[in-house]
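Welcome along, and please get your viewer ready. We will start with the whole chain and then pick out a few side chains.

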Amino acid sequence: VSYQDAAAFSLYEALPDIKPKVIYDCCAAPGGKSTILLKKWPEASFYLTDLSPLRLSRLNENICRFLQSSQIPANIFITEHDWSEKSMEAPMADLMLVNAPCSGLGVVARHPDILWKKNKEILLENQKQL
């Protein structure tokens with residue numbers, strides 16, 4: 001069982017009715033949205049990236065738990081990557097999910113302390129990073 005916010009799971013309904021072969025999740029950790037993509041298109045090749053090695057470790061754990069496997073299958077590539085610095089040397093994407101910059105406001109229900117850690121200036125600075 002994997003609990004998800006209604007907003008995160010609404011991604012499943014919003015996904016296009018296509019059959020992508022190559023999918024990128026550019027801000028993938030901790031993996032909630034990635035698992036939704038995997039559920040919809042299990043045969044696709046997935047390139048799951050994030051900036052933080054610690055968050056990528058959590059992503060790896062969550063993907064293994066979701067797949068009920070101790071190993072990441074050959075069609076899933078998890079790697080540290082900074083998209084603001086350069087593109088990846090990898091196949092052309094049929095579908096790309098970018099959730100950036102992550103403000104953390106989507107998880108306020110689970111982490112209400114975010115409301116005290118964020119202010120307008122921080123959110124505007126996040127926006128400039130695009």
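Colour by secondary structure to see five helices and four strands; these are DSSP runs numbered from the N terminus, helices being H or I with at least four residues and strands E with at least two. Following the sequence, you will pass through α-β-α-β-α-β-β-α-α.

Before selecting residues, note that this is a predicted model, where local features need pLDDT of at least 70 and side-chain atom pairs count only at pLDDT 80 or more, while totals for chains, interfaces and linings use all residues. Numbering runs from 1 along each chain as its sequence is written, and side-chain values use heavy atoms, leaving out hydrogens and water.

Next, show the contacts (heavy atoms within 4.5 Å). Of those with a separation of 6 or more, 63% join residues 24 or more positions apart.

Now select Arg55 and Asp50. Their side chains form a salt bridge at 3.7 Å, N to O, the term meaning a side-chain nitrogen of Lys or Arg within 4 Å of a carboxyl oxygen of Asp or Glu. The search of the whole structure finds one such bridge. Arg55 is partly exposed at 36% relative accessible area, whereas Asp50 is buried at 8% (buried is under 20%, exposed over 50%, partly exposed in between, with a 1.4 Å probe and protein chains only).

Move on to Cys26, which is buried at 5%. Where is the closest cysteine sulfur to that of Cys26? It lies in Cys27, 6.2 Å away, too far for a bond. The whole structure has zero disulfides, meaning pairs of cysteine sulfur atoms within 2.5 Å. Finally, select Cys64, also buried, at 10% relative accessibility.
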